[in-house]
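Me: I am new to this structure and would like to understand how its descriptions are reached. Please show it to me before I ask.

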Amino acid sequence: MHPDNTQQIQRVTWIGLVVNLVLSAFKIGAGIVGCSQAVVADGVHSISDLATDIMVLVGVRYWSEPPDRRHPYGHGRIETLITTILAGVLIAIGLGLGWNAIASIPNHRPSPPGAIALAAAIVSMVSKEVLYQWSIRVGRTVKSQALVANAWHHRSDALSSIPAAIAVAAARFCPEWAFLDAIGAILVTLLILQAGLSIGWPATQALIDRGAPEPVLKAIAELARSVTGVRHLHAIRTRSMGHGWAVDLHVLVNRDLTVEEGHNIAGAVKRTLLENGPDIVDVIVHIEPAPERIGTK
């Protein structure tokens, strides 16, 4: 990963960590002072964001390292692993929120919460949504799966503040509507679970070496065939490497070429794929002599 991209990830995550720390303390304090169990629980939820921020800050130091003797393909799988863990955390949080919502349906608030509790929930929603928008934009720009996953963790916190805010407002202005807390939390649970699955499934597929989708394979083949001297190609294989694809393929060339000429064609194919391919980070080209029956391009 380019050093500038690493710095962007670190800057966004450090700011997110500080915001999470301040928000956690504010919501827990406001919930206690304002007699709101929902806001206290929301503050505890924000603490989990601190853990994922730390995971990203620690992980980016390793997955951005260049290949070495023990890791000849680089360290991109570390990001994939952290992304999988973050997705698991999202799913666990969603299940926890849903369970608490269902369990709280028969309960009633002993006293209406204070205005500070409502203010804390609103501040949390706004600030975490801003963090989400910033993190998701940077994550997609630098193609960081882990930062995108952490961005969704910010949004899960923003979403979890919605039922807390509704519950506080309902209890303050219309106590008989307190059941909206549980309904809102259940809806939030579904959104968080969907986000966790959409992030975790591709990362899991990458960990088990699932290849690139058909449009990527088609683009690779078209680019390789565009190189002068390539008569045919086959055995295109791909695997995920962090934010991109590692490719190896067999290229057929005229059987009377010298070793140097064949090597030059292989180099041209590699450059073409790295410079123009769809998120390709590594290429291995095998040169083979083409049968005479294959026509020249």
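Me: What makes strand β2 and strand β3 a pair, and in which sense do they pair?

Reply: This is a predicted model, in which local features need pLDDT of at least 70 and side-chain atom pairs count only at pLDDT 80 or more, while totals for chains, interfaces and linings use all residues. Residues are numbered from 1 along each chain as its sequence is written, and side-chain values use heavy atoms, with hydrogens and water left out. Two strands pair if DSSP finds at least two bridges between them; β2 (residues 244-253) and β3 (residues 280-289) have nine bridges, in the parallel sense, so they count as a pair. Along them, tryptophan 245 stands opposite isoleucine 280, and valine 247 has valine 283 as its bridge partner.

Me: Why is asparagine 150 called buried?

Reply: Buried means under 20% relative accessible area, exposed over 50% and partly exposed in between, with a 1.4 Å probe and protein chains only; asparagine 150 has 2% relative accessibility, and therefore counts as buried. This residue is in helix α5 (residues 145-173), a helix that is mostly covered, with 21 of its 29 residues buried.

Notes: Helices (H or I, at least four residues) and strands (E, at least two) are DSSP runs, numbered from the N terminus.
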